[in-house]
Amino acid sequence: MESIPTHVEHDAVVELLRREVTPELYDEIRELWKRHSVAEDARDLRGLVSTLTEDCVYELAQSGHRWEGHEGATRFYTELLTAFPDIHFDLTDIVIGPQGVCEEARVTGTHAAEWVGNAPSGERLTWRVLIFCPWDAERHLFRGEKVYVDEDVFSGTGTPSRAG
């Protein structure tokens with residue numbers, strides 16, 4: 001008889017589903033996301049990191065690349081902004097709730113330096129990204145970002161399309 005795999009995240013997911021949302025909580029999460037986004041656009045790493053828990057994790061879900069803590073988040077953004085110095089995010093969708101923020105964006109940027117093992121192409125590229133920023137209900141900050149891309153862009157096995 002086959003055993004059914006254990007769903008180890010079950011209790012955590014149930015807790016997330018049971019979170020109550022109030023207008024005040026929604027506003028708090030939305031305002032923190034706005035601070036985070038404005039700091040990111042301004043390349044203000046100190047301001048951006050101030051929206052994150054000290055034990056935050058940045059993860060490229062498809063490749064498994066991870067950056068941990070404030071130092072890791074700073075390294076993630078420094079490496080990303082070096083690889084794509086003109087990177088630009090055009091928000092296409094967003095959901096805000098007591099679990100955090102989920103956003104979809106169209107990303108463009110010139111691949112000027114190595115990024116997670118991908119040699120720079122020098123080309124202006126475009127790709128879609130889905131980012132989940134989990135909310136820490138106790139510390140009232142984000143626990144980092146889980147990043148998904150529409151192509152296997154950052155694994156070293158694929159490349160985003162040329163911007164057109």
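**Notebook: aromatic rings, core and cysteines**

I began with the aromatic side chains and noted that ring pairs link Tyr58, Trp67, Phe76, Tyr77 and Trp115 into a cluster. Rings of Phe, Tyr and Trp (its six-membered ring) count as a pair if their centres lie within 6.5 Å; planes under 30 degrees apart are stacked, over 60 edge-to-face, and the rest tilted.

I recorded that this is a predicted model, in which local features need pLDDT of at least 70 and side-chain atom pairs count only at pLDDT 80 or more, while totals for chains, interfaces and linings use all residues. Residues are numbered from 1 along each chain as its sequence is written, and side-chain values use heavy atoms, with hydrogens and water left out.

**Ring pairs**

I counted eight aromatic pairs by this rule. Trp67 and Trp115 form a stacked pair, 5.8 Å centre to centre with 5° between the planes. I then looked up where the two lie: Trp67 is in strand β2 (residues 65–68) and Trp115 in the loop between β4 (100–110) and β5 (124–136), so the pair ties together parts that are 48 residues apart in sequence. Helices (H or I, at least four residues) and strands (E, at least two) are DSSP runs, numbered from the N terminus.

I checked accessibility next. Buried means under 20% relative accessible area, exposed over 50%, and partly exposed in between (1.4 Å probe, protein chains only). Trp67 is buried at 4%, and Trp115 is buried at 1%. Phe76 and Tyr77 form an edge-to-face pair, 5.0 Å centre to centre with 85° between the planes; both residues are buried.

**Core**

Of its 35 residues, Tyr58, Phe76, Phe84, Trp115, Trp127, Val129 and Phe142 touch the most other members. Elements that each supply at least two residues of this core include α4 (69–83), β1 (52–60) and β6 (141–149).

**Cysteines**

I found zero disulfides, a disulfide being a pair of cysteine sulfur atoms within 2.5 Å. The sulfur of Cys102 has its closest cysteine sulfur in Cys133, 8.4 Å away, which is too far for a bond. Cys102 is partly exposed at 27% relative accessibility, whereas Cys56 is buried at 0%.

**Backbone**

I noted that Arg43 has a positive phi of about 60° although it is not a glycine. Arg43 sits in the loop between α2 and α3 and is partly exposed at 34%.

Technical notes: Core = buried A, V, L, I, M, F, W, Y, C linked by side-chain atoms within 4.5 Å.
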